[in-house]
Amino acid sequence: MAERASGAVIDCDIHNAPASEAALHAYLPASWRERRAATARLDAVWESQRETLGDRSYLGSEYPRATPRAARTDAWPPNGGPPASNLPFLREQLLDRYGVEYGVLTPMLGAGEQLDHESGAALATAINEWQIAEWLDPEPRLRASINVAYEDADLAAAEIHRVADDGRFAQVLLLIRTAEPLGRRKYWRLYEAALEHDLPVGIHFGGWGRGPITSAGYGSFYIEDTVGMATAFQEQVTSMVCEGIFQRFPELKIVLIEGGIAWLAPLMWRLDRAWKQLRAEIPHVDRLPSEIIREHFWVTTQPIEEPPRRQDWPALLEQIGMNDRIMFATDYPHWDFDAPDRALPSFVDADVRQAIMSENARALYRFDA
Amino acid sequence: MTEPLIDCEVQAVVQSIETLEPFLSSHWREVIATTQFKGPTDTPYPPALPTSRRPGLDDVDDRPPGATLASIRTQALDPLGTELGILTCAYGVESVRNPDAAAAIASAINDWLAADFLEPEARLRASISVPAQPAMAAEEIARVGADPRFVQVYLPVRSALPYGNRVWLPLLDAAVEHDLPLALHFGGSPGLPPTASGWPTYYVEEYADMATAFQSQLTSLIAEGAFDRFPGLRVVLAGSGFAWLPAWTWRFDKVWRGLRREVPWNTRSPSETVRDQVRVTLQPVDGPADPAALLTVIEQLGSDELLMFSSDFPRGHAEEGLDALPAGMPPDLRRAILSGNARAFYPRLGAGADG
Amino acid sequence: MPDGRHVVAHVDEIPPGSRKIVEVAGRSIGVFNVDGTFHALRNRCPHQGGPLCEGFLMSSLRSRGPGHYDHRPGETLVRCPWHGWEFDLRTGQSWFDPERTRVRSYRVSVENAGEPVPGPYVAENAGEPVPGPYVAERYGVTVEDSYVVVDLGR
């Protein structure tokens with residue numbers, strides 16, 4: 001049964017996965033394949049990362065999650081392999097079913113979370129080569145994200161420079177929980193490298209922040225972890241604004257992926273008030289944070305919030321004031337997937353709907369490169 | 001000023017450990033004298049910032065605003081015609097790792113508040129400071145809890161484990177037994193980074209990031225079933241702002257519908273739980289500057305009973321006192337915020353002029 | 001065939017512990033056999049239209065307080081494969097409950113060899129859980145001369 005939306009659909013968050021570890025290993029530089037095979041510790045780390053799909057820190061924080069691999073239970077390909085590992089099934093369940101014009105791949109396979117940054121960089125190379133060979137080459141509707149070992153800006157920059165000439169890479173991909181807040185100096189060279197190729201930087205739900213997700217210690221339940229990821233997004237936007245990276249890099253574009261959207265409005269109000277009172281501490285931030293955010297940030301819809309009353313929706317969009325920056329995403333194959341034909345309320349104004357469902361993404365990403 | 005007004009947050013400021021020495025034992029006075037122990041020096045309010053000290057407030061008796069009863073009378077209570085003011089004290093007991101020192105300091109704060117503020121000034125009520133060790137916190141609550149002028153338990157919003165975690169049960173138990181709400185307060189120095197991604201560079205980030213601590217604590221208390229285990233548990237968010245609440249609620253409600261199996265003891269949605277058992281002080285107002293837009297946010301909270309007026313004296317905000325309430329607020333809501341909601345929520349304030 | 005009643009399978013096609021998704025009069029319907037009792041629900045979650053009947057079957061899980069898990073294998077819920085909303089197979093009612101619009105539910109009867117036999121009726125309000133706001137459409141199921149019959153109702 002097709003559920004095609006009446007207009008164009010661009011999906012800004014698809015989590016493709018390799019069918020097995022061996023499938024990615026084939027793309028590792030040869031020297032790294034030998035090293036991983038020889039070192040049990042690296043394999044154990046690798047296995048743990050694989051099991052959690054990059055959504056979790058792997059130290060000191062394990063929870064049973066909602067479903068196997070946090071995926072829709074109907075997304076397991078009938079011919080085997082984990083969810084989103086089989087291109088024909090992904091076409092059937094997602095691209096064809098919903099008439100998706102373009103889909104942006106955001107594989108989260110732990111490249112940035114490796115404590116061994118060089119190992120992470122090799123893994124990033126493998127992920128990017130795998131995306132090209134098994135997804136971009138056979139499927140013209142797909143675009144990819146450049147995976148990098150983002151905790152080492154030099155290694156990350158090298159990988160960006162290595163692949164960015166392939167115009168099918170739509171952005172650089174980081175995770176929202178990092179070792180330091182993303183405005184800090186250690187990440188500046190990464191932003192520089194992305195900008196040299198005019199690439200946005202996508203920052204996605206997940207990651208290992210070297211500690212608990214809350215500023216009050218570890219939660220006990222997965223529900224806390226998943227609700228709590230919105231706090232990580234808020235804090236990172238705060239950092240990027242307050243550290244003045246948009247004054248330093250006026251062309252920088254940031255895409256916030258899989259954080260939901262509603263928290264943006266109160267964050268902007270809060271930051272504006274804080275800036276008005278405390279701007280002496282950050283003289284390099286020369287205008288209202290809300291202006292900076294509306295100029296430099298894009299945000300994907302999923303998991304889209306569901307306000308209880310009909311009037312809350314237009315009020316929310318007005319409060320956020322980013323109708324030209326909100327971009328639809330399904331988050332296929334995860335369990336909190338948003339369906340293109342159902343996620344946005346039907347009463348959203350048609351122009352706004354189309355902007356969200358496809359046109360904002362079309363304006364941001366280089367789909368026709 | 002004729003409107004009844006309850007100020008749910010007036011901050012008593014410990015200028016230095018010397019303020020508390022009269023209330024410490026001879027042993028701890030000797031420790032301080034011979035080690036020059038300064039007590040907790042981490043503060044969520046760097047003293048000279050305009051958010052920490054409202055511009056235009058003078059010293060009183062050569063002491064900073066909030067440090068003396070004279071200041072609180074003349075600078076906080078009198079100008080607003082306050083009927084009742086609830087004292088809080090953001091002195092970082094939780095950062096003192098020696099549990100006995102922490103307990104001694106917490107007791108000293110409570111004895112100082114009682115002697116120097118509550119005794120001479122009938123308009124004042126206070127929050128019980130406690131050490132971060134749950135069993136010892138319960139002891140302090142039991143020690144002080146019989147004094148009806150203490151109306152809540154003060155907890156820093158940043159802690160070593162979120163307050164829904166079962167390690168905190170002795171503290172929650174004691175608070176509920178004494179019919180004392182928990183007040184989660186801006187600040188806290190538990191030794192953990194203020195964000196999910198480590199330590200931010202600037203204070204302005206920490207100031208803004210504190211909202212996420214309140215979000216996380218509420219998430220924990222609800223997920224862990226604290227409000228179901230203790231139907232009498234009440235929680236006040238103090239210094240949290242409130243504009244972030246609708247977005248957080250919508251997210252948590254949505255996720256809960258599909259994940260409720262993980263926390264099957266929850267009989268209510270998160271938003272219902274908040275409406276039933278959580279209240280929020282007014283300052284610092286964190287919503288949009290435009291009054292009509294701010295009224296929209298207040299309306300999106302989904303309940304007229306959530307907000308409770310506070311001055312957050314001596315801290316500085318965009319608007320102070322009654323100016324913090326947006327123009328055009330319906331009179332019933334205004335009355336509820338100014339005093340009605342506090343009267344209804346705090347068991348020890350009760351109905352009537354003097355609680 | 002009487003109006004609204006449709007044969008969907010031979011009873012042997014849906015042994016206990018199994019299910020079958022069928023197309024009936026333009027509707028996708030999931031037919032479940034739980035320990036010999038048949039249930040049928042609309043295969044479309046009222047939330048975002050997900051394939052509800054492809055989801056895990058879960059046992060009812062209640063709790064009297066934190067740390068307590070009262071797992072009841074005899075009471076079955078189907079959990080939408082997308083966002084995890086759970087629906088009682090017997091009544092089609094969701095587990096969680098703000099007050100919202102209900103989806104119509106249907107009575108069940110069992111018939112044998114063409115003769116009508118009064119069978120177990122499903123109460124429209126099945127006690128716990130309190131009816132939720134989203135009720136998956138539920139259809140009457142009978143076994144008729146070894147065939148499974150879904151009654152789309154009035």
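1. Basis. Residues are numbered from 1 along each chain as its sequence is written, while chains are lettered from A and ligands numbered from 1 in the order in which they are written. As the model is predicted, local features need pLDDT of at least 70 and side-chain atom pairs count only at pLDDT 80 or more, whereas totals for chains, interfaces and linings use all residues.

2. Chain B, overall form. Chain B contains 11 helices and eight strands (DSSP runs, H or I of at least four residues and E of at least two, numbered from the N terminus). Its radius of gyration, taken over C-alpha atoms, is 19 Å, close to the 20 Å that the globule rule (2.2 Å times the number of residues to the power 0.38) gives for 355 residues, so chain B is as compact as a globular protein of that length.

3. Chain B, burial. Of the 355 residues of chain B, 60% are buried (20 or more other C-beta atoms within 10 Å of the residue's own, C-beta atoms being placed from the backbone).

4. The axes (lines fitted to C-alpha atoms over the stretch in contact, with angles from 0 to 180 degrees between N-to-C directions) of helix 8 (residues 222-242) of chain A and helix 6 (residues 203-223) of chain B come within 10 Å and cross at roughly 175°. The two helices are therefore roughly antiparallel (angles over 145 degrees).

5. Chains A and C. Here 10 residues of chain C are in contact with 12 residues of chain A (C-beta atoms, placed from the backbone, within 7 Å).

Definitions and conventions
A residue is buried if 20 or more other C-beta atoms lie within 10 Å of its own, exposed if 12 or fewer, and partly exposed in between; C-beta atoms are placed from the backbone. Two residues are in contact if their C-beta atoms, placed from the backbone, lie within 7 Å. Angles under 35 degrees count as roughly parallel, over 145 as roughly antiparallel, 65 to 115 as roughly perpendicular and the rest as oblique.
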